[in-house]
Amino acid sequence: MLEIVVKLALVAAAFALLPLLVGQAEHKVMAHMQGRLGPMYAGGFHGWAQLVADGVKFAQKEDVVPRDADRRVFKLAPAVALVPYLLVLLVIPVGPDGQVALDLGVGLFFALAVMGVGVIGAIMAGWASANKYSLLGGMRVAAQLMSYELPMVFAASSVAMAAGTLSLGGIAEEWRWWWLPWQAVGAVVFFVAGLAELRRPPFDMPVADSEIIFGPYTEYGGLRFALFILAEYAGIVVLCALTTVLFLGGWKGPFLETELGWLWTLLKTFALAFVVIWLRVSFPRMREDQLQKLAWAYLVPLSLAQLALTGVVKVAVQG
């Protein structure tokens, strides 16, 4: 019982801290890459208090619910967007020998299914707002989810086939260094599809702030809006951690894997989070037709090709 309580406490602490660290890193990385001065002033040294300032700003804003909105769904949507990522963290192993809160035999499918639930929060927000612009944003979220879920599942299935298990810990255990070139296409497809599901730039058409006023979140303000932003950063942590476990060997490093496995997992996760921020800074937003074409004309065929290659290699190795 004590072990379970400690594991749950550590997961809760990681869920509370890691998304905030990613948010703080995004402020600083964008400030340096694009010469943004604003995020470098709050609190003095290097703008260390920028995230605190944002939190105070959100807390001070008035909590408004539109008159014609479906109040219960409107208030529930931020929680539906955020909580699923906490559940995914329960099944992500950070080190060998049971360093995971909940070791499921089908942990991979559980993680992918629950991540899809998180996207439903944005659809609920758009529908419940009684705003046509919000509804339009929600429908775009739904279309994007349907398009990118398929290549993401195919890419994850490829590495599960290679490892011969659906357990996230088992996949990390079976991982070998030569999987990097073998599963490279699947890794790129999985990562890109995950970014699109999270609606991160350059795949942020459903929440395009300058064109459709933040999409399904138009009517949200204050702490409820902050929860949607926090859900985005939590999604980045979960996506990067899953990519690390599936395609980068998880806790495996150059030395002391048993003692420092958790450290290697965190380093790889934050390196991928830096790539997420880098992509936001570097690429312009895609059009809706370009977004759909990327999914169906490129990512789906590539993920199927990776799946076929994995099957051929497995048969050849076992034969």
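**Group meeting: pockets, a cavity and a core**

Okay, let's start with the second largest pocket: 22 residues line it, and L10, V11, A14, V94 and Q99 are the ones nearest its centre. Before I go on, remember that this is a predicted model.

How big is that pocket? The second largest pocket has a volume of about 580 Å³. Which helix gives the most to its lining? That's α1, with 8 residues. Helices α1, α10 and α11, the last one running over 257-282, each supply at least two residues there. If you sort the lining of the second largest pocket by class, you get 16 nonpolar, 4 polar and 2 charged residues.

Now for the largest pocket. It holds about 970 Å³ of space. Its lining has 33 residues, and E26, H27, I229, Y233 and R280 lie nearest the centre. Which helix gives the largest share of that lining? Here it's α10, with 8 residues. At least two residues each come from α1 (2-34), α2 (50-60) and α10. By class, the lining of the largest pocket divides into 19 nonpolar, 4 polar and 10 charged residues.

Let me stop at one residue in α2, and that's Q50. Is Q50 buried or exposed? Its relative accessible area is 13%, and the cut-off for buried is under 20%, so Q50 counts as buried. Leaving out residues up to four places away in sequence, Q50 touches H27, K28, G38, P39 and A42.

Rolling a probe the size of a water molecule over the atoms shows where empty space is left. How many cavities of 30 Å³ or more are there? The count comes to 1. About 140 Å³ of space lies in the largest cavity. The elements giving two or more residues to its lining are α3 (71-89), α4 (107-128) and α10 (222-247). The largest share, 4 residues, comes from α10. In total 14 residues line the largest cavity, with L198, R199, Y217, F228 and E232 nearest its centre. By class, that lining has 10 nonpolar, 1 polar and 3 charged residues.

You'll have noticed that α10 keeps turning up, so let's follow it inside. In soluble globular proteins, nonpolar side chains tend to be buried together. In this model, the largest nonpolar core has 83 residues, and I92, F190, L242 and L246 touch the most other members. Where does the largest share of this core come from? From α10 again, which gives 16 residues.

Let's take I92 from that list. Setting aside neighbours within four places in sequence, I92 is in contact with V100, L168, V238, A241, L242 and V245.

That brings us to V245, which sits in helix α10. Buried or exposed? V245 counts as buried because its relative accessibility is 1%, where the cut-off is under 20%. Beyond its neighbours within four places in sequence, V245 is in contact with I92, P93, L168, I171, A172 and G250. Look at A172 in particular: V245 and A172 are 73 residues apart along the chain, yet their C-alpha atoms are separated by 5.6 Å.

Thanks, and I'm happy to take questions.

Terms used
Residues numbered from 1 in each chain as written. Predicted model: local features only at pLDDT ≥ 70, side-chain atom pairs only at ≥ 80, totals over all residues. Heavy atoms only, no water. 1 Å grid on protein atoms, 1.4 Å probe; cavity = no way out; pocket = protein on both sides within 12 Å on 5 of 7 lines; lining within 4 Å. Points joined across faces, edges and corners; volume = space filled by probe spheres on them. Nonpolar A, V, L, I, M, F, W, Y, C, P; charged D, E, K, R; others polar. Buried < 20%, exposed > 50% of the residue type's maximum accessible area, 1.4 Å probe, protein only. Contact = heavy atoms within 4.5 Å. Core = buried A, V, L, I, M, F, W, Y, C linked by side-chain atoms within 4.5 Å.
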